[in-house]
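Hi everyone, thanks for coming. Let me put the structure up, and then we'll walk through it together.

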Amino acid sequence: MTSMLRKLPILIFAGALLVVTGCGPAAPAAVPTPAPVALTHLIVAYSNISPTITPLWTAKQTGLYEKHGLDVDLQYVASATSVAAVVSGQMQLATVGLSEVLGAIAGGADLVVVANQVPAYTYIFEVAPGIQSAADLKGKAIGISRTGSSSDIGTRVVLRKFGLDPDKDVNLVQTGSVTDRAAAMKSGALQGSVAAPPETLAVERLGWHPLFDLSALQLPAVTLGLVVQRSYRDTHQATVQAYVDALVEGIARVRSDRALAYELLKSNMNIESDEDLSATYDYYTRPELMPALPYPRPEQFADTLDILGKSNEKLAQLDVAPLLDTSFIKSAEDRGIGK
């Protein structure tokens, strides 16, 4: 042992013996941990608490926004207010009924539609016991959320399709939100109304029954879309693209992950029964109501412009094509987002 120590360099530090056992290369310096990439903050409104919002809830729940470099603050805001918030710059994007967006554009707002997430009416026309045909609706109280809304336009379109004049043959009653409309149906204040699962299931347990399924009629619609102010779109192309990418991935995840969608419907809409969850999920994930690639197209606006144009000359003459930007969905498609 003594002979071994003689062969090793010996250093003395403050009385302590240090034996240097080798002269190999020094240990590499620790590699510093890279600083986290800053996420772009966005405030995004959605205008209805509905299964149509499940792709947004999914993107938030599963980290899809963060995956695409975004810190998204999702806020539930009523339709007219959410559009105004985008116009003012308080919010950067809004998922909202596009009929409300057209009204804002007619009033001078410079908005661009980058997606039409629900290009069909998400409604079943439910009627009270004793009503068996469209003719039986004459003189009856029919519920809508408010004049100019998607529920109003959908109701008018389907009534006309079956030979009724919505302004003369029935009494259209504005009830407010989907929840308020369902409550009015249950109370007997209405004899007919458009609704959708899970509200339809609740009123059918009271004896109501479906007269028409608007989604099956393949009527063009702009029930829910993504809108941004043109100036923000022009100066934040990459941010808008990142959001659209997350949205497309969210749609794909909803359509492939029933268990996750059930969890989100339970937590956000208080749907508890397996029967209601299954019916709601199956209804809203059909391709006509939740397309994998939600392109906005001019023909989807035809009925909305026709109806709103009767009371607004600017909308009657509006060319919607310049208001639609399909480039973000096209880019997502070209890069295989959501596959």
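**Helices, sheet and pockets**

Let's start with helix H10 (residues 237–256), which lies across E3, E4, E5, E6 and E12 and runs at about 70 degrees to E4. Before going on, please keep in mind that this is a predicted model, where local features need pLDDT of at least 70, side-chain atom pairs count only at pLDDT 80 or more, and totals for chains, interfaces and linings use all residues. Residues are numbered from 1 along each chain as its sequence is written, and side-chain values use heavy atoms, with hydrogens and water left out.

A word on terms. Helices (H or I, at least four residues) and strands (E, at least two) are DSSP runs numbered from the N terminus. Angles run from 0 to 180 degrees between N-to-C directions, with axes fitted as lines to C-alpha atoms, for helices over the stretch in contact. Contact means heavy atoms within 4.5 Å.

Now the sheet. In what order do the strands of the open sheet come? The order is E4-E3-E5-E12-E6, 5 strands with mixed pairing; two strands pair if DSSP finds at least two bridges between them. Strand E4 (70–76) and strand E6 (111–118) are at the edges with a single partner strand each, so one side of each has no neighbour in the sheet. From one strand to the next, the twist averages 20 degrees.

E6 and strand E12 (residues 224–229) run antiparallel and are joined by 6 bridges. Ala115, for instance, has Leu226 in E12 as its bridge partner. Helix H4 (residues 79–88) also packs on the sheet, where it touches strand E3 (40–46), strand E5 (93–96), E6 and E12, and its direction makes about 155 degrees with that of E5.

On to the pockets. The largest pocket has a volume of about 530 Å³. Here a pocket is an open set of points on a 1 Å grid over the protein atoms alone, where a 1.4 Å probe fits, with protein on both sides within 12 Å along at least five of seven lines; lining residues have an atom within 4 Å of a point. The volume is the space filled by probe spheres set on the points, which are joined across faces, edges and corners.

Of the 32 lining residues, Ser47, Asn48, Ser79, Ser145 and Val178 are the closest to the centre of the largest pocket. H4, helix H6 (150–161) and helix H7 (178–187) give two or more residues each to that lining.

Finally, the second largest pocket has a volume of about 390 Å³. Its lining has 17 residues, with Val178, Thr179, Pro198, Glu199 and Met269 nearest its centre. H7 supplies the largest share of that lining, 5 residues.
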